Amino acid sequence: IIFFPLKSIRDKCNIWISFNNLEKYVKSGYKTLFIFKNKKEVLIDFSYYIIDNQVTRSLILDYEVKKRRESLKK
């Protein structure tokens, strides 16, 4: 399970998003609409570009973890 933060991890008001449950995210003005696999939609007041950067990093992490698991199976 991979979660990514939207703010600093030191911020008590941080929001963590589950990468594994995220279906897609779309730009909605200056905000970002998250659509999760359970079809729940949440509009968050964060820049699409910040979200895209965090999702990209999570995707890379997920890829690396899967690659290492596969190499351990051999």
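Student: Where does Lys 66 fall, buried, partly exposed or exposed?
Tutor: Lys 66 has a relative accessible area of 47% and is partly exposed. Here buried stands for under 20% relative accessible area, exposed for over 50%, and partly exposed for what lies in between, with a 1.4 Å probe and protein chains only. The model is predicted, so local features need pLDDT of at least 70 and side-chain atom pairs count only at pLDDT 80 or more, while totals for chains, interfaces and linings use all residues. Residues are numbered from 1 along each chain as its sequence is written, and side-chain values use heavy atoms, with hydrogens and water left out.

Student: Which residue does Lys 66 meet in a salt bridge?
Tutor: The partner of Lys 66 is Asp 62, at 3.2 Å from N to O. A salt bridge requires a side-chain nitrogen of Lys or Arg within 4 Å of a carboxyl oxygen of Asp or Glu. Asp 62 counts as buried, at 16% relative accessibility.

Student: Where do Asp 62 and Lys 66 lie?
Tutor: Both are in helix H1, residues 48-73, and they are 4 residues apart, about one turn of the helix. Helices (H or I, at least four residues) and strands (E, at least two) are DSSP runs numbered from the N terminus.

Student: How many salt bridges are there by this rule?
Tutor: The count comes to 4 salt bridges. Among them is the contact of Lys 67 with Glu 64 at 3.5 Å, N to O. Lys 67 and Glu 64 also lie in H1, 3 residues apart. Lys 67 is partly exposed at 42%, and Glu 64 is partly exposed at 26%.

Student: And what does Asp 11 pair with?
Tutor: Asp 11 forms a salt bridge with Lys 7, with the closest N and O atoms 3.9 Å apart. Asp 11 is partly exposed at 31% relative accessibility, and Lys 7 is partly exposed at 34%.

Student: Changing topic, how many residues has the largest nonpolar core?
Tutor: The largest nonpolar core has 13 residues, and those with the most contacts inside it include Phe 4, Leu 22, Phe 34 and Val 55. Strand E3 (22-28), strand E4 (31-36) and H1 are the elements that give two or more residues to this core. Such a core is a set of buried Ala, Val, Leu, Ile, Met, Phe, Trp, Tyr and Cys residues joined through side-chain atoms within 4.5 Å.

Student: What does Phe 4 touch?
Tutor: Leaving aside residues up to four places away in sequence, Phe 4 touches residues including Trp 16, Leu 22, Phe 34 and Val 55. Contact means heavy atoms within 4.5 Å.

Student: How do E3 and E4 run?
Tutor: They run antiparallel and are joined by 6 bridges; strands pair if DSSP finds at least two bridges between them. Leu 22 stands opposite Phe 36 in E4. The two strands form a hairpin with 2 residues between them, and Gly 29 in the turn has a positive phi of about 70°.

Student: How many aromatic pairs does the rule give?
Tutor: There are 3 aromatic pairs. Rings of Phe, Tyr and Trp (its six-membered ring) pair if their centres lie within 6.5 Å; planes under 30 degrees apart count as stacked, over 60 as edge-to-face and the rest as tilted. Tyr 25 and Tyr 48 form a tilted pair, 5.4 Å centre to centre with 35° between the planes. Tyr 25 lies in strand E3 and Tyr 48 in helix H1, so the pair ties together parts that are 23 residues apart in sequence.

Student: Why is the pair of Phe 34 and Phe 36 stacked?
Tutor: The ring centres of Phe 34 and Phe 36 are 6.1 Å apart and the planes are at 20°, so the pair is stacked. Phe 34 is buried at 0%, and Phe 36 counts as buried at 16%.
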